Amino acid sequence: MRPSVLHRVLAVLAALTFIFAGSMPVSAAPAAKARVDLFVRSYTLAPGTGAFLYTQLFADRRVSLPRGAIKIKYRFINQGPGFHFTEPGTPNNCSYVQPDNNLELDCAADAPVLTPAGVDSGVYGWISAGRDAVPGSTGTITATMTIKGYAPVTRTAKLRIGEAVALSVDAVDREVTSSPGRNLDLPVTITNSGSVAARGLVALGNSQYAFESRTQYRNCTYVDGVMRSCTFDQTIAPGASYRLALPLRVRANTYAPSVQYGSTSWMTDEEFADLKQYAAKGGVGYLPLGTPGRGGVLRLTEVAAARAKADLPQALNPESPGQHVKLTVTGKQIADLAGVGDRASGRKGAVVTVSVGLHNNGPAAIEHATSELKWPTTRVYIPKGTTAVRVPTSCSPMTERAGIDENRRGAPGERRYSCELNGLLKPGGTTTVDFGLRIDQVITGARGAAVSFSPDDLTKTNDSAPIVINPAVASGGQGGGGGGLPITGPAVLSIGAIGLVLVIGGATAFLMTRRRRTFRS
C-alpha cells in the first residue's frame, strides 16, 4: 500500500511540474523579415497638364529605416507620344536616370517608418502629358522599390490621356453668417465653358465638421454627416449650365463664435476612379471618402441648355475652379476641456509609455482646421527621475518663460512640452499622444502633469491630470515591500508554480514520514 501512495504522489508532482513548466517563458524563434510593398496612383490627364507623383509605402508591421534607405525607380512602358516625367524644382529628391531621357526617374523616398496603414513616400516627382499627347491613349508606369536587406518590389499604374473639359463656377468665393443649428443652403451653378460635352461629373466636398448634411443621398458619400463626394451620371453639353443644391445645417455643437470653411471642387468620373483607388489605400492628402447615404438621388438641375458631342476619356482643365465658402458662426458655445494623465511602472533603465492629452466634456466640438481659433494644447510636465526619450512630433519644448520652440518639434530630453491638438475632437471624445519615459531613478509616486491649456475654457478645475511613475502600492496589497513594484506577468506564474510544487512536496514528505511511524508502532 505504501509504494502505491508514493507512486500516486510522484505522478501528481510530475504532472504539475509538466503543466507549470509549459507556462514558463520560452525564447521565441527569430521573427521573419517584414513584407514591404508600394502603391502608385493612376492618373487621367488632359494634354498639356501634369500631376504630382503620389506613392504609398507599406509594411506588414512597423519598420524603422535609416533616412535615405528607400529608392524608387519610375519608368514608362508601352506609352504613346507626350508621356514623360519631370524633375521638380525645390525640394528635389528625384532626377532623370539619363539627362536626355524623361521616361525614367530615380527618386529617394523620405519615409523613415513603414506601417501596415501606409505612409507617403515623400517623393517629389511630376508626371506630365505633353500637348502632343493623344486623347484615348494610355501608358503604364512601373515603380520598383529597393530597400537594403529586402527583395525589390515592382508595381504598376496607368496614365490615360483624356480630352480636356472646362467648367466655370459662379460665386467662387462666398461669405455667409449663421449660428449653430440653423439651416444653410449654398447652391452652386456650373457651366460647361469648353467645346466638349462633359459626360459624368463628380463633386468633391472638403468641408469642416460644422457643415452637416440635412439629407444624405445615395449617390453621395459622407463622413460624420459631412458630404465627401457626389456622383452625377449626367451629360453637360457645351454652353449648358446646371445647379447643385446641397441642403446643409450648421451643426448644433459647432464652436461659437468661430469661422469655419468649406469647399466643393469638380472632376470627371474617370479622374474620380483614379482618386477612389488611391484614397482606398489611405493616400496622403485625401480624407476617407466615407459611405453612401440612404436617401434619394441628388441631381444637377439644368438652368440653361446647349448641344452635346464625343465619347473619349475626359479630364478637367486644372484651371476649372471650385467653390469656397467662409462661414462665420455667431453666438456663444465653447467647450470644457480636461487634462488626461496616465501612470506607469518600471525598473531603473526601463522605458515606459504614458498616453496624455485632452478630453472634451462639451458642449462644443473643436476642429483643428479652424484657423481663427486659438487652439487648445496639452502642456506636459515630465515626472522627476525620468527622461523623455520618445517625443511625438506634435509636441514642442517649452522655454523657461512658457514660450514654445516649434523649431525643435519631437526633441527628447526636455522637462516641459506643449502638444498640439490635431484633427476633430467631438464632445465626449479624447485625444492623446504617447511619450516614452526612461526611468533614471526609481522614485515611488514620481509625479508630472498633463495640463489642458485653452484660452477659452468652461471649467478650469479639471485642467490638470497627474502623470505618475511607479505609484505607491496600496496598503494590504503587497505588504512590507517598502514601495517596491509588484511583480507581474510570466514571472508570477513561474514562481507560484515552483512554490506550489515545493508545498506539495513538503506535504508529501510529512505524510510519508507519518505513515512510516504509524507502521513501526
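## Strands and the overall model

Helices and strands are named here as DSSP runs, a strand having at least two residues, and they are numbered from the N terminus. Lys158, for example, is found in strand β14. The model described in this report is predicted.

The chain contains three helices and 42 strands. Its length is 521 residues, and 43% of them count as buried. Among contacts between residues at least 6 apart in sequence, 77% join residues at least 24 apart. The accessible surface of the chain comes to about 26400 Å², with 54% of that area belonging to carbon and sulfur atoms.

Strand β14 holds Lys158, which is partly exposed with a relative accessible area of 45%. Thr140 is 18 residues away from Lys158 along the chain, yet their C-alpha atoms are separated by 4.8 Å. The side chains of Lys158 and Thr140 are joined by a polar contact of 3.0 Å. Apart from neighbours within four places in sequence, Lys158 is in contact with Ser42, Tyr43, Gly139, Thr140 and Ile141.

Gly80 belongs to the loop between β6 (70-77) and β7 (83-86). This glycine is also partly exposed, its relative accessible area being 22%. Between Gly80 and Ile161 there are 9.5 Å in space, C-alpha to C-alpha, although the two are 81 residues apart in sequence.

## Nonpolar cores

In soluble globular proteins, nonpolar side chains tend to be buried together. The largest nonpolar core of this model has 39 residues, of which Leu57, Ile70, Tyr74 and Leu114 touch the most other members. Ile70 touches a series of residues beyond four places away in sequence, including Leu57, Leu65, Cys107, Ala108, Leu114, Met145 and Ile147. A second, separate core comprises 34 residues, among them Val165, Val176, Ala198 and Phe232.

## Strand β19 and Asn192

Four of the five residues of β19 are buried, so this strand is largely enclosed by the rest of the structure. Strand β16 (residues 167-169) pairs with β19 in the antiparallel sense over three bridges, and Val169 has Ile190 of β19 as its bridge partner. Strand β24 (residues 241-244) also pairs with β19 in the antiparallel sense, over four bridges. In that pairing, Leu244 of β24 is the bridge partner of Val188.

Asn192 lies in β19, which spans residues 188-192. Its relative accessibility is 2%, and because buried means under 20%, Asn192 counts as buried. The side chain of Asn192 reaches the backbone oxygen of Val196 at 2.8 Å. The backbone oxygen of Ile236 likewise lies 2.8 Å from a polar atom of the Asn192 side chain. Leaving aside neighbours within four places in sequence, the residues in contact with Asn192 include Ala166, Leu167, Ala197, Ala198, Ile236, Pro238 and Ala240.

## The three-stranded sheet

Another open sheet has three strands in the order β18-β25-β21, with antiparallel pairing. Its edge strands are β18 (183-185) and β21 (211-213), each of which pairs on one side only. Neighbouring strands of this sheet are turned by 45 degrees against each other on average, direction ignored.

Strand β18 is joined by three bridges to strand β25 (residues 247-250), and these two run antiparallel. Across this pairing, Asn183 stands opposite Arg249 in β25.

How values were computed:
Residues numbered from 1 in each chain as written. Predicted model: local features only at pLDDT ≥ 70, side-chain atom pairs only at ≥ 80, totals over all residues. Heavy atoms only, no water. Buried < 20%, exposed > 50% of the residue type's maximum accessible area, 1.4 Å probe, protein only. Contact = heavy atoms within 4.5 Å. Areas by Shrake-Rupley, 256 points an atom, 1.4 Å probe, with all protein chains shown as cover. Core = buried A, V, L, I, M, F, W, Y, C linked by side-chain atoms within 4.5 Å. Polar contact = N/O pair within 3.5 Å; in protein donor to acceptor, adjacent residues only side chain to side chain. Pairing = 2+ DSSP bridges. Axes fitted to C-alpha atoms, helices over the stretch in contact; angles between N-to-C directions.
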